[in-house]
Amino acid sequence: MSATVRQLLQDKNQPPLIAVSPDCTVFQALQKLAEHDIGAVAVMDGARLVGIFSERDYARRMILEGRQSSGTPVTAVMTERVIVVHPDTPASQCMAIMTEKHIRHLPILDSDHQVMGIVSIGDLVKETISEQKFLIEQLERYIAG
């Protein structure tokens with residue numbers, strides 16, 4: 001049985017949501033990524049999710065376009081049309097969404113549309129490996145019987 005993203009959030013060793021405000025610069029957002037060793041941050045206007053900023057956004061919309069990170073607002077380069085999931089979404093379904101949409105981060109919104117956190121492709125791969133290891137151990141015990 002695949003874990004839910006709620007369970008994955010509980011297992012992460014960092015705050016559930018790392019975010020920046022829409023008025024911060026790309027440089028400040030990059031500092032936040034480095035400080036927390038993560039690949040994306042939520043862009044929050046108060047309690048409302050307005051976008052997500054990732055390393056991929058930086059590479060594609062800053063470096064390739066020759067922009068300066070210190071003077072560019074994060075809203076100019078963030079992804080605005082964010083794909084989200086709810087807390088009870090299975091990790092396996094999140095993996096399928098990420099694969100189909102070619103994304104690496106999924107914000108989790110509760111029933112009140114509040115952001116609970118973000119799961120990354122790395123979180124999902126780690127969970128998948130853990131599930132497969134458990135299955136293999138169970139099969140080995142059954143065979144050894």
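View 1. Ile143 sits in helix α5 (residues 121–144). Helices (H or I, at least four residues) and strands (E, at least two) are DSSP runs, numbered from the N terminus. The model is predicted: local features need pLDDT of at least 70, side-chain atom pairs count only at pLDDT 80 or more, and totals for chains, interfaces and linings use all residues. Residues are numbered from 1 along each chain as its sequence is written, and side-chain values use heavy atoms, with hydrogens and water left out. Ile143 counts as exposed because its relative accessibility is 72%. Exposed means over 50% relative accessible area, buried under 20%, and partly exposed in between (1.4 Å probe, protein chains only). Together with Leu135, Leu139 and Tyr142, Ile143 forms a nonpolar patch on the surface. The four have about 530 Å² of accessible area together. Accessible areas come from the Shrake-Rupley method with a 1.4 Å probe; for residues, only the protein chains shown count as cover. Patch residues have over 30% relative accessible area and no salt bridge; nonpolar side chains (Val, Leu, Ile, Met, Phe, Trp, Tyr) are joined within 5 Å, like charges within 9 Å.

View 2. Side chains of opposite charge can pair when their charged atoms come close. A salt bridge is a side-chain nitrogen of Lys or Arg within 4 Å of a carboxyl oxygen of Asp or Glu. The whole structure holds 5 of them. In one, Asp88 meets Arg6 at 3.1 Å, N to O. Asp88 lies in the loop between α3 and α4 (91–101) and Arg6 in helix α1 (residues 5–11), so the pair ties together parts 82 residues apart in sequence. Asp88 is partly exposed, at 45% relative accessibility. Arg6 is partly exposed too, at 32%.

**View 3. Two further salt bridges.** Glu65 and Arg67 join through their side chains at 3.0 Å, N to O. Glu65 has 47% relative accessibility, so it counts as partly exposed. Arg67, at 34%, is partly exposed. Lys101 forms a salt bridge with Glu100; their closest N and O atoms are 3.7 Å apart. Lys101 is partly exposed at 44%, while Glu100 is exposed at 57%.

View 4. His102 is not a glycine, yet its phi is positive, about 60 degrees. His102 belongs to the loop between α4 and β4 (105–109). With a relative accessible area of 60%, His102 is exposed. His113 has a positive phi as well, near 65 degrees. The loop between β4 and β5 (115–120) holds His113. At 58% relative accessibility, His113 counts as exposed.

**View 5. The second largest pocket.** This pocket has a volume of about 350 Å³. Its lining has 18 residues, and the closest to the centre are Ser54, Arg56, Asp57, Thr79 and Ile103. Helix α3 gives the most, with 5 residues. On a 1 Å grid over the protein atoms alone, a pocket is an open set of points with protein on both sides within 12 Å along at least five of seven lines, unlike a cavity, where a 1.4 Å probe fits but cannot get out; lining residues have an atom within 4 Å of a point. Grid points are joined across faces, edges and corners, and the volume is the space filled by probe spheres set on them. The lining divides into 5 nonpolar, 5 polar and 8 charged residues.

Methods
Ala, Val, Leu, Ile, Met, Phe, Trp, Tyr, Cys and Pro count as nonpolar, Asp, Glu, Lys and Arg as charged, and the others, Gly among them, as polar.
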